[in-house]
Amino acid sequence: MKHAILGAGAIGGLVGTALASLGEDVTMVVRPEKLATYPRNLSLERPAGLGTGSGSGPIIAQAKAVAELTNPVDVLWIATKTYQLQTALESVGVVPGCVVPLLNGVDHIAVLRARFGEERVFPATIAVEAERVAPGRFIQRSPFVRLNIASSGESPLGTIVARLGSLGFTCQFIPNEQTLLWSKLCFLAPFALATSASGMNVGQILADGAWKQKLTSAIAEACAVANASGAELNATQIREVFDGVPPAMRSSMQKDLAAGRQLELDAIGGPIVRGGERYRIDVSTTADLMAAIQSKIGAR
């Protein structure tokens with residue numbers, strides 16, 4: 001299949017390198033000023049013990065790079081930051097066979113379906129800690145990659161998704177789109193907001209009584225809004241996921257805040273706060289964490 005990756009950062013690079021290593025035809029869509037020097041070979045370093053042939057060094061795979069997507073592709077994987085989406089879409093000059101968005105939040109699905117059509121967009125989420133350390137060079141830091149896609153995408157994507165399993169990906173097709181999207185957000189939002197507001201990693205938060213309570217409360221708020229939106233989620237199960245997370249794990253938002261980069265604060269926390277207003281659900285912990293992060297942004 002022919003794949004294009006829109007958003008050549010940590011997530012896009014990880015997915016693009018993985019697909020290319022399986023022999024798929026991969027095109028990375030990069031910024032015009034980066035095109036001339038973008039490497040032909042992609043590199044992905046991963047923890048030892050993942051998938052076939054792991055432990056023998058980074059995955060190296062070839063991919064093309066373009067500044068504008070003008071040739072047809074079977075799959076367009078979108079891995080931009082939410083605030084970059086509209087600008088990035090200007091570089092897409094074709095209608096792909098299907099679109100798999102890996103963005104945070106829930107609001108982007110309507111935007112993409114308005115652009116490409118309801119039947120072409122298959123909501124998806126990915127859970128992994130990864131970084132782009134240089135153009136074309138990526139590091140997977142977490143010992144897992146969890147890729148979930150709406151069941152509507154199983155027919156066109158089932159074969160390639162199954163092949164990603166050989167690289168250590170854990171992949172599922174989820175029938176309920178709201179459950180799919182909100183299950184990630186109900187983990188990500190409390191994780192990102194608590195780590196960014198506190199400056200702590202997950203292990204430190206769980207060891208601190210006050211911050212652990214804020215995390216637990218944020219999870220409960222997110223799940224309440226999610227279920228009111230049509231998802232089927234259990235706050236206790238989301239909370240238990242944190243017990244299996246590497247203690248040193250930090251959120252991307254936390255890293256972006258420390259580096260002075262723009263944050264996806266509205267995309268991650270906004271749906272919960274707006275949902276709280278819509279459904280009259282108390283989301284005060286989420287709102288307080290967002291306010292604390294805004295204060296940190298203002299103090300930079």
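The points below describe a predicted model of one chain, from its overall dimensions down to single residues.

1. Basis. Local features are taken only at pLDDT of at least 70 and side-chain atom pairs only at pLDDT 80 or more, while totals for chains, interfaces and linings use all residues of this predicted model. Residues are numbered from 1 along each chain as its sequence is written, and side-chain values use heavy atoms, without hydrogens and water.

2. Overall dimensions. The chain has 12 helices and 12 strands; these are DSSP runs numbered from the N terminus, helices being H or I of at least four residues and strands E of at least two. Its radius of gyration is 19 Å, close to the 19 Å that the globule rule gives for 300 residues, so the chain is as compact as a globular protein of that length. That radius is taken over C-alpha atoms, and the globule rule is 2.2 Å times the number of residues to the power 0.38. Along the principal axes, the C-alpha trace spans about 50 × 40 × 35 Å.

3. Of the 300 residues, 51% are buried. Buried stands for under 20% relative accessible area, exposed for over 50%, and partly exposed for what lies in between (1.4 Å probe, protein chains only). The accessible surface of the chain comes to about 13,000 Å², with 49% of it belonging to carbon and sulfur atoms; areas come from the Shrake-Rupley method with a 1.4 Å probe, and for residues only the protein chains shown count as cover. Taking contacts between residues at least 6 apart in sequence, 65% join residues at least 24 apart, where contact means heavy atoms within 4.5 Å.

4. Four strands are arranged in the order 4-3-10-9 as an open sheet with mixed pairing; two strands pair if DSSP finds at least two bridges between them. Strand 4 (59-62) and strand 9 (130-134) are the edge strands, each pairing on one side only. On average, neighbouring strands of this sheet are turned by 25° against each other, direction ignored. Helix 1 (residues 10-21) packs on the sheet and touches strand 3, strand 4, strand 9 and strand 10 (137-140). The direction of helix 1 makes about 80° with that of strand 4. For these angles, axes are lines fitted to C-alpha atoms, for helices over the stretch in contact, and the angles run from 0 to 180 degrees between N-to-C directions.

5. Pairings within the sheet. Strand 3 (residues 41-45) runs antiparallel to strand 4, and 4 bridges join them. S43 has I60 of strand 4 as its bridge partner. Strand 9 and strand 10 are also antiparallel, joined by 4 bridges, with E131 opposite I139 in strand 10. The hairpin of strand 9 and strand 10 has 2 residues between the strands, and G136 there takes a positive phi near 80°.

6. E129. This residue is in the loop between strand 8 (124-127) and strand 9. With a relative accessible area of 13%, E129 is buried. Beyond its neighbours within four places in sequence, E129 contacts I139, Q140, R141, S142, M249, R250 and K255.

7. Aromatic pairs. The count of aromatic pairs is 3. The ring centres of F187 and F191 are 5.5 Å apart and the planes are at 35°, so this pair is tilted. Rings of Phe, Tyr and Trp (its six-membered ring) pair if their centres lie within 6.5 Å; planes under 30 degrees apart count as stacked, over 60 as edge-to-face and the rest as tilted. F187 and F191 both belong to helix 6 (residues 177-198), 4 residues apart, about one turn of the helix. For F191 and F242 the centres are 6.4 Å apart and the planes at 65°, so that pair is edge-to-face. F191 is in helix 6 and F242 in the loop between helix 9 (235-241) and helix 10 (252-259), so the pair ties together parts 51 residues apart in sequence. F191 and F242 are both buried, as is F187. F187, F191 and F242 make up one aromatic cluster.

8. R280. Most residues other than glycine have a negative phi. R280 has a positive phi, near 60°. R280 sits in the loop between helix 11 (265-279) and helix 12 (284-298) and is exposed, with a relative accessible area of 81%.

9. G203. This glycine is in helix 7 (residues 202-207) and, at 25% relative accessibility, counts as partly exposed. The C-alpha atoms of G203 and A292 are separated by 20 Å, the two residues being 89 apart along the chain.
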